[in-house]
Structure formats: C-alpha cells, structure tokens
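Here is a short briefing to read alongside the model. Please keep the sequence and the 3D view open as you go.

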Amino acid sequence: MEKRVVVTGIGVLAPNGIGRQTFWKALRDGKSGIANVTRFDASDYRSRIAGEVLIDPHKFLDHKRAKRLSFFSQMAIICAKEAMADSGLDLAKLAPEDLGVVIGTAAGGMDRAEEQHNIMRDKGLARVDPYFTAAMIPNAATGEISLEFGARGVSITISTACSSGMNAIGYAYDCIRNSRADVIIAGGSESPVTPLTFGAFSIAHQLSATNDFPEEASRPFERDRDGMVLSEGAGILILEELKHALSRDANIYAEVVGYGVTSDAYSMQTLDPAGGSAGRAIEIALKMARLNADDIDYICAHAIGSHRGDRKEINAVKRSLKEHAYKTPISSIKSMTGHPFGAAGALQAVAALMTISTGVISPTINFELSDPDCDLDCVPNTARQAAVKTVLMNSFGLGGNNA
C-alpha cells in the first residue's frame, strides 16, 4: 500500500533572504537579491551581475569543517539544520536507517575545483589540497548532511542540471511512498557564481547583460527579457510519512501528491520551445495526484527569463491545463532570486509551501511589457491574496529534463 507524504520542515538560503521567514517576506514584497558580482573581478565579463548568498558559513558551522567544504555543501548543511529544527523531529526516537538524504545539484563544488586548479597552475601540484575531491564531488552535500544527522537510510544525489532540486524532492517522495524511509531530508543546493562557470554562461550570451540596473535584470515572461541571471542558494525540506508525522503531532505545511518527469530528447544546448514533453510531465503528475486541471490554484514557474525557455513553459502549461491555463495565476520567483541551477526547484518548493500557508502568491517583478507568447496571468509586480490549496511546480534542466 502506497503511503502519503507530507512536508514538516523548511530551510532556505537565497540571495534575497536568509531563513524561511526572511526569504518569504522578500518574495511577498517583491524584493530582488540581484547585485554586482563580488566573489571575483567580473569587470571584463559581458554579464557582471548575479544573485549571491552573502553569509559567513563559519557563523553557522564548526570552523574546521566549514574550511574544508565547498560552498554548496556549507549552504546545504545550514539549510538542513534549519529544516530539522523547524520540523521538531527528535532524532533519538527515529532509527538511523529510517532517515534518508536526497540532494540535487547541477555542478557540485565547482568553487573548490576552480580554486585548486589555480593553485596547481600557480604553485605546483604539491600545494594542491589532497582532500579537496571530497568537497568537490556532487554527492558531497548528501554525504555531509548524512554525517550531520547520522542518517543511514536512502542516500542519493540527483544531478539533472537545473531540475535537480525538484527531482530530488520527487525521488524522496517516491521513496517514502514505497516504504523505503519514514523521513527524508530533501532539496537542492548550488554555488555556480565562480569565474569559470559564470564566465562560460556569460560568454555564451545566456546571461542578462542589464548590468547598470541589477535588480531589474531578471525579467521572466516579460517582452524585453535578455537572459537569465545566475545565482546561488539552497532549499531543504523535511519529507515525512503522514502517519509518522501525525503520531508526533508535527506541524504539516502541505502534502506532496504527484510527481512527473520526462525528457525532451531534443538538444543538450537548448530547450524545446514547443513544450510537449514538459506538458506530459505535468500530465503525469496530475494523474498520479488524481487531480484535474481545474484543481490547480497556482503555478510556481521555472521561468528564468530566456525567450525560448519561458515560451516552452507557457506552451507546456497550455497543453496540460488547456482552458484552465488562462484562469490560473503563474509567477516566477526567479525575477527576485535569479536562477540557482540545481537549487531552483527547491527554492520554488519553499515558495509554494509558504503560498499555501499564507494565502499570498508572490509576484513576477520587473514585468513591464507583455509578450504575446507569454499570455497567461503572470501576477505582474505585486503579490496577490488568494485561497491556494494546490500548487503545480515546474522545473526544467539543460539536456531536456522536465520535472
């Protein structure tokens, strides 16, 4: 018998908010976290703006441990600690084998990889940190969270580019439904604002070059959008089997009821603007949830501000929700957070949970001119009060992964 899965804890680090309450207030108020790059000298780059998470990890983690970790792992652990505290779980009453960890990331610890490459180039191989590989590998965050909480159950890292965080939550949901764990720490973390990674997307003209007005640069669905704004962040949820949560009188934010995943099989470099496979992923999620199109009250969009990608999402929504698509508000938090690759879906999940909890839909800011190709209700510029019971979340990854 399949089990039901609920969310009982939230942790988040984003460019526009540290912690779930600050993050949600920023989204509700339409506050952007986009600014000039500070992590390195970007003065010669085409794009010089990003969404950085400006924290000192040493204030949250043991100094020696923080020093050996990549930033994406640091953020993941900090968020996991917030989410665990929020959940009220007593780990002493939970068998380690019943606690799992599933984290999504697109690139892992590229900051440490680039750092150590530069050290080898400038100072020779003898000066390279022999332990840096344990910080660089994509499953570092999963392993470190498992160590933090003594989790000996499911331990999986998902890497499907920008949909990694959403797929991590979906995979964790499937595991609990099928009795492979009672509790799973799930989400995504990413820190791609590094000279090489950031530079590669900049030189490929995939990043917005609205450098003089950083807070206005990320413009999902808007006619004059000129590309995504790269960012970093982490979002972690505590997913829990329903009866387990009820037995300890846990605060339940929402229930996860459906998950769909497909591939475009179209291109490794670009997205299929027709949105056919993405629409099918939505249809699979609806079928699993036993929901109809008109049960969806709000769509928390992937939209990153690229012409092709935003058009893909609009077409996918129209395909799957049909006439109801025009009656359903859809907004993109990336207008305020930028696009943190593998953490994107996890930040969207936090936003969706807070929308259900508060009855407020966060806006798509920087929306000035309507695009005829994006003709749905994009909740422009101002948050909206609404009774929201069911949220659809979309997340799309380079290579054509749709979650």
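This is a predicted model: local features need pLDDT of at least 70, side-chain atom pairs count only at pLDDT 80 or more; totals for chains, interfaces and linings use all residues.

Residues are numbered from 1 along each chain as its sequence is written, and side-chain values use heavy atoms, with hydrogens and water left out.

**Overall fold**

- The protein holds 13 helices and 17 strands, which are DSSP runs numbered from the N terminus (helices: H or I, at least four residues; strands: E, at least two).
- Its radius of gyration, taken over C-alpha atoms, is 20 Å, close to the 22 Å from the globule rule for 403 residues, so the protein is as compact as a globular protein of that length. The rule itself is 2.2 Å times the number of residues to the power 0.38.
- Along the principal axes, the C-alpha trace spans about 65 × 55 × 40 Å.
- Of the 403 residues, 60% are buried (under 20% relative accessible area, with a 1.4 Å probe and protein chains only).

**A three-stranded sheet**

- An open, antiparallel sheet is built from three strands in the order β10-β17-β16; two strands pair if DSSP finds at least two bridges between them.
- At the edges are β10 (262-263) and β16 (396-397), each of which pairs on one side only.
- Two antiparallel bridges link β16 to β17 (residues 401-402), and Phe 396 has Asn 402 of β17 as its bridge partner.

- Helix α3 (residues 71-87) has 17 residues and should span 24 Å at 1.5 Å a residue, which agrees with the 24 Å between its end C-alpha atoms. The expected span is 1.5 Å times one less than the number of residues.
- Because 14 of the 17 residues of α3 are buried, the helix is largely enclosed by the rest of the structure.
- α13 has 15 residues and reaches 21 Å from first to last C-alpha, close to the 21 Å expected at 1.5 Å a residue.
- Twelve of the 15 residues of α13 are buried, leaving the helix mostly covered; among them are Ala 344, Leu 347, Val 350 and Met 354.
- Gly 359 follows α13 and also has a positive phi, near 70°.

**The largest pocket**

- A pocket here is an open set of points on a 1 Å grid over the protein atoms alone, where a 1.4 Å probe fits, with protein on both sides within 12 Å along at least five of seven lines; lining residues have an atom within 4 Å of a point.
- By class, the lining has 23 nonpolar, five polar and three charged residues (nonpolar: Ala, Val, Leu, Ile, Met, Phe, Trp, Tyr, Cys and Pro; charged: Asp, Glu, Lys and Arg; polar: the others, Gly among them).

**The second largest pocket**

- The second largest pocket has a volume of about 470 Å³.
- Of its 24 lining residues, Phe 201, Gln 206, Met 228, Ile 304 and Leu 398 lie nearest the centre.
- α8 (195-203), α11 (307-321) and β16 each give two or more residues to the lining of the second largest pocket.
- The lining of the second largest pocket divides into eleven nonpolar, eleven polar and two charged residues.

Note on methods: Buried means under 20% relative accessible area, exposed over 50%, partly exposed in between (1.4 Å probe, protein chains only). Grid points are joined across faces, edges and corners, and a volume is the space filled by probe spheres set on the points.
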